[in-house]
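Here are my notes on the model. Please read them with the structure open.

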Amino acid sequence: MTTAPNRRFQHTSHWGMFTAESVAGEVIAVHPHEGDSDPSPMLGNFAGSVRSRSRVTGPAVRRGWLENGPGPTERRGSDEFVSVSWDELTELLSRELRRVVDTHGNNAIFGGSYGWASAGRFHHAQSQVHRFLNQLGGYTKSVHSYSLGATGVIMPHVVGTHSQLFERSTSWDVIAKHSDLLVCFGGVPIKNTGVNAGGSSDHPTSGALNSFRDRGGTIVSFSPLRDDLDGECDWIAPIPGTDVAIMLALAYVLASEDLHDRAFLDRFCVGYERFEDYLLGRSDGVPKDSQWAQEISGVPAATIVSLARRMASGRTLVSVTWSLQRIKHGEQAPWMGVTLAAMLGQIGLPGGGFGHGYGSMNEPGMAPVPYPLPTFPQGRNPVSDFIPVAAISDLLLSPGEEFDYDGRRLTYPDIRLVYWAGGNPFHHHQELPRLRRAFAKPDTIVVHEPYWTPMAKNADIVVPSTTSLERKDLSCTRNDAVLVAMHQVVPPFADARDDYETFAALADALGFGEEFTEGRSSQQWVEHLYSQWRPAVDADGGNTPSFENFWADGHYRMRTQDSLILFGEFRGDPDKNPLGTPSGKIEIFSETIDSFGYDDCRGHPRWYEPEEWLNGSRAEQFPLHLIANQPKTRLHGQLDHGAVSQASKISGREPIRLHPDAAAVRGLVARDVVRVFNDRGACLAGVVIDSGMHPDVVQLSTGAWYDPLDPADPDAMCVHGNPNVLTPDVGTSALSHGCTGQHVLVQIEKFDGELPPIRAFDPPVLVPRSQADMSPTPGMPSTSM
């Protein structure tokens, strides 16, 4: 018997460059890039992933849709699927797209694709589907992200930009060399820095923090979780959701003790006086002093006063993680962080000022490249309708209803078809029972997926996609120096196809095939993107290789813009380099936001009492504050079936961390399986005991594939441990409608029943085409244009 040869290929992913070993169409080992100083352990999920039992092996159509035609139904998520040929899938799907467009208009299609998908620049799922839908005539889109829904709206009003807070943030080398004190709200979670959209050739955060400490720097971490900051730090564990109150109290000390920089506030900011009236209690009779903050947050007043004085005595950087804006009133934390940094007067100085997202991804602190990235063109969307990304359930459940958004009054369109490629909303979205009911409303749901994720199981038409390991591409990102040749590691699995092939066939059936492909194969597109990228680099003295040599070498290192200081140019000359705000300055008070009249987001940062917090009345019924943060063992929900992710499970369930006191009160020990519940839903999880957390806090990561005990019941318990059955589906405010899935109140009890099996990674029942009704699907017109 001949053994298949062991082959090695260079590739990359969102969590790093690597070399993959493959045998007989499967990845058997992954080796991190030699130049990576701190490779992500998530790379270990790749081995065995290509031929996982969760793979979609061929085109599939939900049986009820095939036999009864398009229409709302509650059978999604529990119905059988029918295996069909590629030709039949192309015919059915192209006809349904034409029916929806001709009958209801292009705004009846929601291009809901959201997620990380491939790190490749060409085989990027969202770019592929959006190009296709734009050429079809457009679609209703979503804006911003679950990660940054609140920040994406508030920060352009405050500092005139959103993306530059990350793309051109103060570099790690500057912080290590110049900062004295890092005050980190939400810590700097190293686990999240394993990831960057488009990949990373290096992960320097841990090393940079160590260099900072070695020079004598101090880190203060405000977080209910000790491990939100690796290594030595001053850990302060407040009541979750009270960071804004703490920041206000720090600001109160600065103002009341004349430690704030009035010259900076006068020259570089507008509206401080209005804010100070609120801060000192002149406008509402409530001084936001340290005693006030202690009663809200549990942080001792003396600790707050002492820290404020330390912040004013040296070079201080105020950091706010992205997690703090994924809660109700999430706009306030980054806005207040900027305000606190402005009062210190160090914005634009080396090692001082403000940072947003350090520890949230491997982008803040990283040096950017000065060139545009190779990009697959998506074209123009003729449809103007859009929603905030976290409002998908509202969209589907409330067609025709008006809603507020960033000063505008918008209307939810009537969606008849959802087209999803490259994402899993059952990871990102809140209150999954409500999402299940929302997904029962459209006529048709289409999903491109390599795996039978929860989203695929809730679809009508499932298109089997290749993974990045099964195709050729190139990859780079804004804040990494390396352009990577993504070599094909294994052949396409079973009957899977690249999304580009699928859309090319659909476009051809609908009459715009040549417009979609421009006469290029996927390989020709990859070469074309490279050829478009080269001139800008060569004009900068880059001396790029030919495509053939680049492909053989495997990567190309670009110039980066090192040692950046956020808003350094603005600090140097605010008249020549104004911010993109109406005033050209930092807007501590925003006349624009104030003019909107929103009760939940007014003209300056302020404290709003949370709905889900330990000092509220709801905590009497649900006394534990659950933090649903990002996992250490995977990227969101990707490759949850991988070895690293599976090794963290307890009896097959997602682990939940409890403080020893919380466990003892409930008679729990390590590795017990518990029921986590509130009035929205319930899930099972496996107990981990951890003293490094606030006593009334529990932590359950997002990303466990949703696995309802009864797939036909939207309210069924998730037996695998997805916390989004518990989280409320409400927006941060009328300003942005950002995601609020980070915090939720729960109760926990030991689960004493027989443990139900984990079926999250099992395919649905698939029946041959011959067993389904062969009659034409009702209401399906011809595809002729």
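Predicted model: local features only at pLDDT ≥ 70, side-chain atom pairs only at ≥ 80, totals over all residues.

1. In it, β25 (residues 655-658) pairs with β27 (residues 682-689). The sense is parallel, over four bridges. Within this pairing, arginine 657 stands opposite valine 688 of β27.

2. Next, the barrel around that pair. Six strands close into it, in the order β24-β28-β25-β27-β26-β29. The pairing is mixed. From one strand to the next, the twist averages 45°.

3. Now histidine 203. This residue sits in the loop between β8 (181-185) and α7 (205-214). Is histidine 203 buried or exposed? Its relative accessible area is 2%, so it counts as buried, the cut-off being under 20%.

4. The surroundings of histidine 203 deserve a look. Its side chain reaches the backbone oxygen of glycine 194 at 3.1 Å. Leaving out residues up to four places away in sequence, histidine 203 touches Trp15, Gly16, Asp36, Ser37, Asp38, Pro39, Ser40, Thr193, Gly194 and Asn362.

5. Serine 256 belongs to helix α8 (residues 243-256). Its relative accessibility is 43%, so serine 256 is partly exposed; that class lies between the 20% and 50% limits.

6. Which backbone oxygens does the side chain of serine 256 reach? The oxygen of tyrosine 252 lies 2.8 Å from a polar atom of that side chain. The side chain also reaches the backbone oxygen of valine 253, at 3.4 Å.

7. One more distance for serine 256. Leucine 280 is 24 residues apart from serine 256 in sequence. In space, the two are 7.9 Å apart, C-alpha to C-alpha.

Technical notes
Residues numbered from 1 in each chain as written. Heavy atoms only, no water. Pairing = 2+ DSSP bridges. Helix = DSSP H or I, 4+ residues; strand = E, 2+ residues; numbered from the N terminus. Axes fitted to C-alpha atoms, helices over the stretch in contact; angles between N-to-C directions. Buried < 20%, exposed > 50% of the residue type's maximum accessible area, 1.4 Å probe, protein only. Polar contact = N/O pair within 3.5 Å; in protein donor to acceptor, adjacent residues only side chain to side chain. Contact = heavy atoms within 4.5 Å.
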